[in-house]
Amino acid sequence: MTTVAKKKWHEWLITGPSFIWLLIFFIIPTMIVFAITFKPSTPFGGIGDGWTLNTLFSLRNPNYPAIIWRTVWLSVVSTAICLLLAVPCGYCIARAPKRSRDILLLLVIIPFWTNFLIRIFAWKVLLHPEGMLKQALVFLHLCSPDATLLYNPVTVLLVIIYTYLPFAILPVYAAAEKFDYSLIEAARDLGASHFRAFRRIFLPGISRGVWTAVLMVFIPALGSYVIPDIVGGPGSEMIGNKIAQRTFVDRNLPHASALAALLTLAVMVPLMITLVHHYRQPPVAPKKGKEAAQ
Amino acid sequence: MADFLVFEGVSKHYGEIRAVDSVSLSINKGEIFSLLGPSGCGKTTLLRCCAGFEAPDAGRIILDGRDITGLPPHERKVNTVFQNYALFPHLTIRDNIAFGPRMARWTKGEIDKEVARMLELIQMEDYADRKVTEISGGQKQRVAIARALINRPQVLLLDEPLAALDLKLRQRMLVELDAIHDEVGITFVYVTHDQGEAMGISDRIAAMNRGRIEQIGRPVEIYEAPRSSFVAAFIGDTNFFDGIVTEVMDGPYCRLRIEGFPDVLAWNDKGLLPGNAVHLSLRPEKFKIWRELPEPLPNRNLVQGTVEDVIYLGSHTKYWVRVEDYRLGLHQQHSRYLLDTRPITWGEKVWLSWFADDSCMLERYKAEDENLLVLPDTEAEPARA
Amino acid sequence: MKRSRVPFYTTLAVLVFFYLPLIILSVNSFNDSRYGGPWNGFTVRWYVRLFQDRQIWHALQNTLVIAVGATVVSMVVGTMAAFALNRYRSRLQMTHYGMIYAPLIVPDILMGMSLLLFFVALNVKLGLFTIFLAHVTFCVSYVAMVVLSRLQDFDFSLMEAAQDLGASHWTAFRRVMLPLIMPGIAAGGLLAFTLSLDDFVVTFFVAGPGSTTLPIHIYSMMKHGAPAVINALSVILLLVTFVLVSASRTIREKLS
């Protein structure tokens with residue numbers, strides 16, 4: 001065997017397992033989703049023969065625009081709020097003295113590693129109609145005894161922020177930690193105000209971390225399913241809930257596929273924007289990324 | 001023994017770039033041989049071909065009569081001291097040094113004995129069980145040398161071994177390296193871009209540029225008799241002149257006409273005839289600077305000029321003197337107590353003298369090599385108008 | 001230079017926000033009231049009931065079996081993938097990188113949905129095995145990314161040094177490279193293990209009858225009754241998380 005052929009063979013040998021695994025269990029299933037979108041459904045929860053566009057037309061059902069709109073605004077607003085909180089937090093942790101920095105980091109990482117069902121459930125307990133928070137608010141005359149804190153879109157928003165905020169703080173912190181703070185002093189020396197130095201020097205300096213944070217909040221928020229399912233009511237359903245409902249309750253797989261395909265396309269938009277911004281070095285968006293793992 | 005390590009027409013290309021361009025040279029047994037040149041001149045590639053990390057596209061490498069061109073690194077009796085030492089961070093100093101012997105399956109007793117001897121050689125007995133991260137740069141350097149030497153290589157390759165150290169430490173390590181060489185007596189091939197290191201430690205130097213060898217010689221030959229403008233400019237400072245022979249004198253001298261400069265007398269070692277073009281290199285320390293016109297001597301050149309810049313450096317002073325169209329750089333040693341004299345300073349009219357024997361005719365001259373000179377140009381244009 | 005106090009107060013507020021629900025949850029786990037309403041007195045009976053719940057133990061066992069299996073397979077496959085990505089610069093590796101990267105960003109629900117359709121289309125019986133396949137699929141990407149970042153910091157002149165000192169390519173890999181990137185592989189494995197333990201959404205889609213994992217069990221308890229027992233379970237899981245995270249950080253500090 002020639003050296004080139006040997007090298008090629010070796011490359012395939014170590015690429016093969018992951019390549020083939022992901023081809024079978026990731027690429028092909030994703031293509032099936034798109035394919036089934038154009039298949040008719042049968043009344044017994046199966047998939048019919050032939051091809052049809054009926055499923056796509058049925059997405060015009062008046063319920064859907066409202067759900068899609070809600071999904072988008074909840075994701076956008078939660079991403080914005082997460083960033084607004086993550087940037088000062090990341091900065092504060094990066095600038096703290098060594099000992100307090102370790103403690104602060106630990107305090108952010110623990111929720112990050114905690115099972116997310118439990119973190120959602122904690123809010124259900126906290127906001128329980130007979131729970132301590134409710135009683136405290138009623139006692140302080142901040143809300144009426146009949147008000148429900150649970151089961152509305154604002155609660156869903158709150159819990160999305162709660163769930164994904166650590167995923168925003170950690171990449172911002174990782175970028176802020178590497179930032180050269182003498183640049184801010186230089187900017188101040190050259191006459192920039194606090195705010196201008198922050199906006200013109202610090203933010204561009206940590207942009208990679210900020211974009212990672214956007215991906216890490218926005219994309220999972222778009223696909224939220226458990227959060228609205230547990231703390232949301234009928235008026236706060238998101239696309240994820242519809243997908244699950246069509247799959248498990250109605251057994252209408254083509255319909256569920258169409259929604260999933262729609263969601264996939266929606267995810268592509270922010271992803272492409274980020275990839276264009278960071279051509280060659282796409283920010284890694286692991287849910288529990290290397291910042292925490294290492 | 002001559003011809004111990006021989007490179008025969010070795011070439012290495014990376015795409016269009018010729019990193020090493022048919023280099024042939026022969027290294028003697030037991031000498032310290034330096035490959036000296038600017039970054040990108042191919043010296044490291046040549047070294048890596050010798051270590052076996054790169055395969056040359058053409059040519060042969062012969063060590064002690066045996067062709068080693070195609071051997072993998074671990075089958076060559078050659079060891080390398082890497083630029084950043086490449087010490088294994090997960091092992092202690094002792095285990096780093098013992099790595100090679102363990103690979104060669106020496107007995108445990110032999111390994112322990114040799115490691116102890118090496119630790120003594122580099123004076124690091126007390127650090128044997130430390131981690132690599134717990135020792136200083138100079139110590140890492142010594143461990144890297146011991147780790148290579150313990151394998152009793154026929155040739156030790158050193159790739160910019162002192163580049164990561166600061167100036168003072170570099171000078172100390174250079175002396176230590178020389179002492180270690182005296183102790184073990186094997187052949188060293190030393191790659192560096194620092195002419196001071198190469199001059200200080202080498203028995204012979206190969207000056208390299210653009211993948212080719214410009215000149216091989218003892219340090220004093222390279223410095224005093226550079227063959228090309230590249231060697232003259234890269235190793236030390238110099239002044240270049242180009243002129244035409246007008247008259248061949250009795251004996252070994254000739255007279256040159258240089259445009260924009262007075263006629264000069266030069267040593268005619270190349271046997272040039274009237275009308276031949278010539279390039280001349282004249283080192284700064286060959287000049288003597290005078291306030292009053294000195295007594296003329298038959299083989300001494302004498303020109304008058306104006307001091308344009310002065311840099312006082314303690315042991316000596318650098319002067320830049322305008323002589324017609326030329327701006328000459330020269331050094332003046334201070335052998336006397338300077339406060340008792342009135343040093344020559346900026347703006348003074350002075351006389352410069354040098355002996356015709358002290359200039360050197362170049363075989364090859366390229367104008368771009370003048371960029372290698374570190375003379376400052378106050379007028380932001382080349383010295384010659 | 002005077003620094004703004006805003007970041008400090010924001011951080012303080014965020015930490016309160018993070019921990020307030022968890023603290024209330026922990027307090028409530030000792031509340032002798034079935035639905036976590038007003039304080040009814042101190043009790044440990046939810047903990048006792050938790051330990052008597054056979055279903056929970058069964059679910060935990062399923063979870064651990066899947067997590068261990070998925071971790072081992074994804075560590076091997078992911079590490080190989082990272083080596084390939086680090087070593088070769090080819091069109092194949094660009095595609096490969098895209099395939100590794102995509103599962104990291106696709107929402108769980110899409111992955112769960114597509115795998116469900118895939119298994120249904122192939123008539124594969126849903127159960128522990130399908131959950132295992134699904135978990136390996138997302139774990140491989142995480143392991144590959146963590147190991148890759150470690151490999152990118154690896155100084156390849158160490159490999160040359162080892163070969164120069166007489167090690168063959170394979171020995172140099174085994175004696176020098178592997179020990180140095182082992183922490184990366186271990187970190188990737190730990191990540192894969194936790195992700196597998198925690199995963200609910202993907203598992204929910206590809207689980208079949210009798211293949212209940214702990215997160216699925218928690219979810220069904222949340223949906224239908226027994227919230228007080230979940231409080232107790234949550235506190236235990238929180239403690240385990242806390243101990244594991246602190247321990248891994250301490251060990252890492254000791255090592256470096």
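This is a predicted model: local features need pLDDT of at least 70, side-chain atom pairs count only at pLDDT 80 or more; totals for chains, interfaces and linings use all residues.
Which residue pairs with E114(B) in a salt bridge? The partner is R117(B), with N and O 3.3 Å apart.

E114(B) is buried, at a relative accessible area of 5%. R117(B) is partly exposed, at 45%.

Next pair, also in chain B. R142(B) forms a salt bridge with E176(B), and the closest N and O atoms are 3.6 Å apart. Here the partners come from two helices: R142(B) lies in α4, and E176(B) lies in α5, residues 167-184. They are 34 residues apart in sequence, so this pair ties together separate parts of the chain. R142(B) is buried, with 12% relative accessible area. E176(B) counts as partly exposed, at 23%.

There is also a network. E308(B), D309(B), R322(B) and R327(B) are linked by salt bridges. Over all chains, the count comes to 26 salt bridges.

Stay with helix α4 of chain B for a moment. It runs from residue 137 to 149, and it also holds R147(B). Is R147(B) buried or exposed? It is buried, and yet it has no salt bridge. The nearest side chain of opposite charge is D164(C), and that is 6.7 Å away. What R147(B) does have is a polar contact, side chain to side chain, with N96(B) at 3.3 Å. Look at its other neighbours too. R147(B) touches F82(B), Y85(B) and F88(B), among others in chain B. It also touches A161(C) and L165(C).

That takes us to the boundary between chains B and C. Here 16 residues of chain C are in contact with 21 residues of chain B. The buried area is about 1600 Å², and carbon and sulfur atoms give 66% of it. On the chain C side, E160(C), D164(C) and L165(C) lose the most area to chain B. Together they make up 41% of what that side buries.

How many salt bridges are there between chain C and chain B? One. E160(C) and R48(B) meet there, at 2.6 Å from N to O. R48(B) has a partner in its own chain as well: its side chain meets E54(B) in a salt bridge of 3.2 Å. R48(B) counts as partly exposed, at 21% relative accessibility. E54(B) is buried, at 17%.

Between chains C and B there are also six residue pairs in polar contact. Two helices of chain C, α7 (157-164) and α8 (169-198), each supply at least two residues to this side. The largest share, seven residues, comes from α7(C). By class, the side has eight nonpolar, five polar and three charged residues.

Now the other interface. Two pairs of chains touch, and the most contacts are between chains A and C. The contact takes 94 residues from chain C and 96 from chain A. The buried area is about 8900 Å², with 77% from carbon and sulfur atoms. In chain C, F18(C), M99(C) and M222(C) lose the most area to chain A, together 8% of what that side buries. By class, the side has 65 nonpolar, 20 polar and nine charged residues.

And chains A and B? No contact joins them; their closest C-alpha atoms lie 13 Å apart.

Last, the chains themselves. Chain A has 14 helices and zero strands. Of its 294 residues, 52% count as buried. Chain B has eight helices and 20 strands. Of its 385 residues, 51% count as buried. The C-alpha trace of chain B spans about 75 × 50 × 35 Å along its principal axes. For contacts in chain B between residues at least 6 apart in sequence, 68% join residues at least 24 apart.

Terms used. Residues are numbered from 1 along each chain as its sequence is written. Chains are lettered from A and ligands numbered from 1 in the order in which they are written. Side-chain values use heavy atoms; hydrogens and water are left out. Helices (H or I, at least four residues) and strands (E, at least two) are DSSP runs, numbered from the N terminus. Buried means under 20% relative accessible area, exposed over 50%, partly exposed in between (1.4 Å probe, protein chains only). Lys and Arg count as positive and Asp and Glu as negative; His and the chain ends are not counted. A salt bridge is a side-chain nitrogen of Lys or Arg within 4 Å of a carboxyl oxygen of Asp or Glu. A polar contact is a pair of N or O atoms within 3.5 Å; within protein, one must be able to donate a hydrogen and the other to accept it, and residues adjacent in sequence count only if both atoms are side-chain atoms. Contact means heavy atoms within 4.5 Å. Buried area is the accessible area (1.4 Å probe) that two parts lose on being put together, summed over both. Ala, Val, Leu, Ile, Met, Phe, Trp, Tyr, Cys and Pro count as nonpolar, Asp, Glu, Lys and Arg as charged, and the others, Gly among them, as polar. Lists of a residue's contacts leave out its neighbours within four places in sequence.
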